[in-house]
Amino acid sequence: MKLWGPIALFLVLDVATGMLAFRLLPDRIDERSFRSDSALYHHDLQPGKSEWAQWGPLRYRVHTNSLGLKDASARDVPLESERRRVIVIGDSFTEGLGFPFEQTFAGLLAESLAARDIEVLNAGVTSYSPTIYARKIEHLIEDVGLDFDEVVVFLDVSDI
């Protein structure tokens, strides 16, 4: 019974420390301004947005193009293109959670392949899974009418 005193003291200090840390943290950013539910494939990014996002302590700009894909700017993407077009799709790693588009692997790939006249579109969104990958690509083809040449799927170990 002599343990209850130290345990109670530890719990009180733990709760007090947590409350203090919560108050000292910067205000959280509400990402509902650019993320949304999807009746077709659970969740997505909203088109044409330029918003602040937060991942842990990192704050960064998120731009989505007219298709609702993370991009370097909130630009209009034509459904057809003379250029070769590649879509990358995956989860948070592909979206580039925590980083602006230019610092993600999709952004670096887009910059590198632009010199070869290849456009890269980033269809990745955090917490996507293989079923969502298939539904979103099907939606982009059949409902949106997007013309592209290749899809590169980035599977995550948690997808299995």
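Asp149 sits in the loop that runs between helix H4 (130–144) and strand E8 (150–153). Helices (H or I, at least four residues) and strands (E, at least two) are DSSP runs, numbered from the N terminus. This is a predicted model, in which local features need pLDDT of at least 70 and side-chain atom pairs count only at pLDDT 80 or more, while totals for chains, interfaces and linings use all residues. Residues are numbered from 1 along each chain as its sequence is written, and side-chain values use heavy atoms, with hydrogens and water left out.

With a relative accessible area of 43%, Asp149 is partly exposed. Here buried means under 20% relative accessible area, exposed over 50%, and partly exposed in between (1.4 Å probe, protein chains only).

## Salt bridges around Glu119

The whole structure holds eight salt bridges, each defined as a side-chain nitrogen of Lys or Arg within 4 Å of a carboxyl oxygen of Asp or Glu. One of them pairs Glu119 with Arg75, with 3.0 Å between the closest N and O atoms. This pair links distant parts of the chain, 44 residues apart: Glu119 in strand E7 (residues 118–122) and Arg75 in the loop between strand E5 (70–71) and E6. Glu119 is buried at 7% relative accessible area, whereas Arg75 is partly exposed at 27%.

Glu119 also forms a salt bridge with Arg85, at 2.8 Å between the closest N and O atoms. Because Glu119 lies in strand E7 and Arg85 in strand E6, this pair ties together parts 34 residues apart in sequence. Arg85 is buried, at 1% relative accessibility. A network of salt bridges links Asp71, Arg75, Arg85 and Glu119.

Now for Asp91, found in the loop between strand E6 (84–89) and helix H2 (92–95). Asp91 is buried yet has no salt bridge, and the nearest side chain of opposite charge, Arg35, is 11 Å away. For charges, Lys and Arg count as positive and Asp and Glu as negative, with His and the chain ends not counted.

Leaving aside residues up to four places away in sequence, Asp91 touches several residues, among them Tyr128, Tyr133 and Asp156. Contact means heavy atoms within 4.5 Å.
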